[in-house]
Amino acid sequence: MPEWLIEEGIGEDRAILIDGDEVLAAKCRWPGELHAGEAIRAKLIAKTGTRGTAQTADGREMLVDKLPRDASEGSTLDLAITRAAMTERGRYKLPAARPANLVERGDDVFASGKRVRRFPAGTWEEVWHAASSGEIAFAGGSLLFAVTPAMTLVDIDGNPDPRGLALAAVEPLALALRQFDLGGSIGIDFPTLEAKADRKAVDAALENALTDWPHERTAMNGFGFVQLVARLEGPSLLHRFATSRVGMAARMALRRAEMVEGAGATLLTVHPALKAKLRPEWLAEVERRTGRPLRIETDPALAIEAASAQIVGHE
């Protein structure tokens, strides 16, 4: 039976929905972020009609909609976050919220999932590397993902049989949507299918594959394009890589340092750009968790994502 597992990392918490050895879905949350479903009290500091801006006691701001007409500036409101903050190319979008009584809050897997010291070997790494590369291979083709401010785009490329390629892409696509925690507007560029019957076959396959994934969907048009729209609750793994690749790589480097085993000191080798992202409190937490001293070395020849950890002799 599928089960949510939670790994409390350094600088991030991670969640995977796992069934046997298959990851069905994944999520990532960074400490300090206001997350969808979170209840919060904040002061209304600006209002126009039913929309406004609220601020928490510690100075965090959020956009609020569906405000009651009698809500006045300066009043304190009970709110629920509907979307976490989003960083996009060239802009930062504040978290979004609504009055708490208007929001139906679902299960927070980070609160209800089973906490483990580490996920089964390779599970998080597989999802992480796929999100990092923006590419997933499947028999006969591949899915190529690109994040834009307007939507996430998916290009399907592969063998010369357009109908076969389109149908073969459906299941890996459905899995990727969940593994990358995608939401918002998603555009999928299937191969062009001239026959209406072929387009209907792909539409039916998508409907079946996405039965339990809440969304709205257009039918495939004559150019092979399908648009999905799902609730956007925060940055997907793809969005995090698009806007904070070094930050994602730094957190993975810390995970590798925490997970390596043996007696001695931990040697973490990173690209120089990563070293500046490794906060002192994070490094201290690695040492606390492992009970070993931590050394950092840099290697400009390393890829940003290729940090390595090993045990070296006693110090």
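Hi everyone, let's start with Arg 289, which is partly exposed at 31% relative accessibility; here buried means under 20% relative accessible area, exposed over 50%, and partly exposed in between, with a 1.4 Å probe and protein chains only. A word on the model: it is predicted, with local features needing pLDDT of at least 70 and side-chain atom pairs counting only at pLDDT 80 or more, while totals for chains, interfaces and linings use all residues. Residues are numbered from 1 along each chain as its sequence is written, and side-chain values use heavy atoms, leaving out hydrogens and water.

Back to Arg 289: which residue is its salt-bridge partner? That is Glu 285, with the closest N and O atoms 2.8 Å apart. By salt bridge I mean a side-chain nitrogen of Lys or Arg within 4 Å of a carboxyl oxygen of Asp or Glu. Helices (H or I, at least four residues) and strands (E, at least two) are DSSP runs, numbered from the N terminus. There is also a network: salt bridges with shared partners join Glu 7, Glu 12, Arg 14, Glu 125 and Arg 255.

In total, the structure holds 21 salt bridges. Take Glu 8 and Arg 115, whose closest N and O atoms are 2.6 Å apart. This pair links distant parts of the chain, 107 residues apart, with Glu 8 in strand β1 (residues 3-8) and Arg 115 in strand β11 (residues 114-116). Glu 8 is partly exposed at 43%, and Arg 115 is partly exposed at 42%.

Then there is the salt bridge between Arg 178 and Asp 212, at 2.6 Å from N to O. Arg 178 belongs to helix α3 (residues 162-179) and Asp 212 to the loop between α4 (196-209) and β16 (216-217), so the pair ties together parts 34 residues apart in sequence. Arg 178 is buried at 19%, whereas Asp 212 is exposed at 62%.

On to the sheet. Six strands make an open sheet with mixed pairing, in the order β12-β13-β14-β15-β17-β16. Its edge strands, β12 (135-138) and β16, each pair on one side only; two strands pair if DSSP finds at least two bridges between them. β12 pairs with β13 (residues 141-147) in the antiparallel sense over four bridges, and Phe 138 has Gly 141 of β13 as its bridge partner.

Now the inside. A nonpolar core is a set of buried Ala, Val, Leu, Ile, Met, Phe, Trp, Tyr and Cys residues joined through side-chain atoms within 4.5 Å. How many residues does the largest core have? It has 47, and Trp 124, Leu 143, Phe 145, Phe 180 and Phe 190 have the most contacts inside it. Helix α3 gives the most to this core, with eight residues. A second, separate core has 14 residues, including Leu 254 and Leu 274.

Last stop, Gly 234, in the loop between β17 (225-230) and α5 (237-259). Is this glycine buried or exposed? Gly 234 counts as buried, at 14% relative accessibility. Beyond neighbours within four places in sequence, Gly 234 is in contact (heavy atoms within 4.5 Å) with Arg 83, Ala 84 and Met 86.
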